[in-house]
Amino acid sequence: MTPEAQSAFAPWSISVPVTFALSLAAWIYLRGWLRLRTTVPNVISTWQLAAFMTGMFAVWIASGSPLRALHHELLSVHMVDHILLMAVAPPLLLLGAPLRAFVHGLPQRFVREAPAGFACCSPEHRLGRILGHPIFCWLAAAIALIGWHVPAAFELAMRSNLWHEVEYAYFFGTGLLFWWPVIQPWPNPARGPRWSIVLYLFLATLPCDMLSAFLTFCDRVVYPCYLSGNRHLGISPLQDQEYAGALMWVSVTFVYLVPAVVITTQLLSAPSAHDPNPGRADLPQVTAPPLAGPGVEVV
């Protein structure tokens, strides 16, 4: 490991701005969650709180922890960051019903004005419907994944701290977009039949499979910036690239497989239209609090 990396990897070498921003967001969410618990205890459950906080921690690991010092040393560590920002943190955050908690965690003035803004601003509503469309979400995530792994773009992000932050912000933003149709958090309405999300998840594995297979089986180092950065770590650049590709291949497959299996199980176990007693569905009925909207749909 280079002296620069050893210095940056010190326990106190966290990113203060990122840590502060994430801590503030977590505090606002927790404040809103506690407020909702006093009115409607079941609207955001404890496990949803845990999911949101775990997602925030995953974002911090990728962008604010001392591990960021190894971005320039190992492609496999860099790939861990990409997976956390695109496939791990976004679904966990959305499962926590963040918009609802933030609305109730912000000062009361924003609590009174935010729902009215959602209802009356038709241009914003139309924009939200476009951004939340599954086709747009799928394309945005696929373009981000492939585009930023093109060697020219990847090298640019490695040479410039500014472009590196842009890259990570783009991964995180498109990750939220991708998982939005899957989780369908409030106030997002359901789009199309639920079974289409299984196909949506399957198709999303294809760009990841192509990229990971290319990195795993390529007989040359794709990104020149890693030719010398990891010599002191006991692993060759080509081995590091193979590990990075295999890591993406396995982790993304399992991350996308889990919600696909859950949705399929829900569809198969749901009461049919001819059920003589449709009220016996196992899903709990949640009454929404004032200014909150419908409950979050859990995948």
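Reply: Leu 22 belongs to helix α2, where helices are DSSP runs of H or I with at least four residues, strands are runs of E with at least two, and numbering starts from the N terminus. The model is a predicted one, in which local features need pLDDT of at least 70 and side-chain atom pairs count only at pLDDT 80 or more, whereas totals for chains, interfaces and linings use all residues. Residues are numbered from 1 along each chain as its sequence is written, and side-chain values use heavy atoms, with hydrogens and water left out.

With a relative accessible area of 17%, Leu 22 is buried; the term means under 20% relative accessible area, while over 50% is exposed and the range in between is partly exposed (1.4 Å probe, protein chains only). Leaving out residues up to four places away in sequence, Leu 22 touches Met 56, Val 59 and Trp 60, a contact being heavy atoms within 4.5 Å. The C-alpha atoms of Leu 22 and Met 53 lie 9.9 Å apart, although 31 residues separate the two in sequence.

Helix α2 (residues 16-39) packs against helix α3 (residues 46-63) at an angle of about 175°, and their axes are 10 Å apart. Here an axis is a line fitted to C-alpha atoms, for helices over the stretch in contact, and angles between N-to-C directions run from 0 to 180 degrees. The two helices are therefore roughly antiparallel, the word used for angles over 145 degrees; those under 35 are roughly parallel, 65 to 115 roughly perpendicular, and the rest oblique.

Which residues of α2 and α3 meet? From α2 come Val 18, Thr 19, Leu 22, Ala 25, Ala 26, Tyr 29, Leu 30, Trp 33 and Arg 37. From α3 come Thr 46, Gln 48, Leu 49, Phe 52, Met 53, Met 56, Val 59, Trp 60 and Ser 63. By class, the contact of α2 with α3 holds 13 nonpolar residues, four polar and one charged. In this scheme Ala, Val, Leu, Ile, Met, Phe, Trp, Tyr, Cys and Pro are nonpolar, Asp, Glu, Lys and Arg are charged, and the others, Gly among them, are polar.

Ile 28 is also placed in helix α2, and its relative accessibility of 16% counts as buried. Apart from residues up to four places away in sequence, Ile 28 touches Ala 101, Phe 102, Gly 105 and Leu 106.

Beyond α3, the loop between α3 and α4 contains Pro 66, a buried residue at 14% relative accessible area. Its C-alpha atom is 5.3 Å from that of Ile 14, which is 52 residues away along the chain.

Helix α4 (residues 75-95) includes Asp 81. Is Asp 81 buried or exposed? Asp 81 is buried, at a relative accessible area of 3%. The side chains of Asp 81 and Tyr 168 form a polar contact of 2.9 Å. A polar contact is a pair of N or O atoms within 3.5 Å; within protein, one must be able to donate a hydrogen and the other to accept it, and residues adjacent in sequence count only if both atoms are side-chain atoms. Neighbours within four places in sequence aside, Asp 81 is in contact with Ile 61, Ala 62, His 71 and Tyr 168.

Most residues other than glycine have a negative phi.

Phe 178, Trp 179 and Val 182 of α10 make the contact with Val 255, Tyr 256 and Pro 259 of α12.

As for the protein as a whole, it has 12 helices and zero strands. Of its 299 residues, 43% count as buried.
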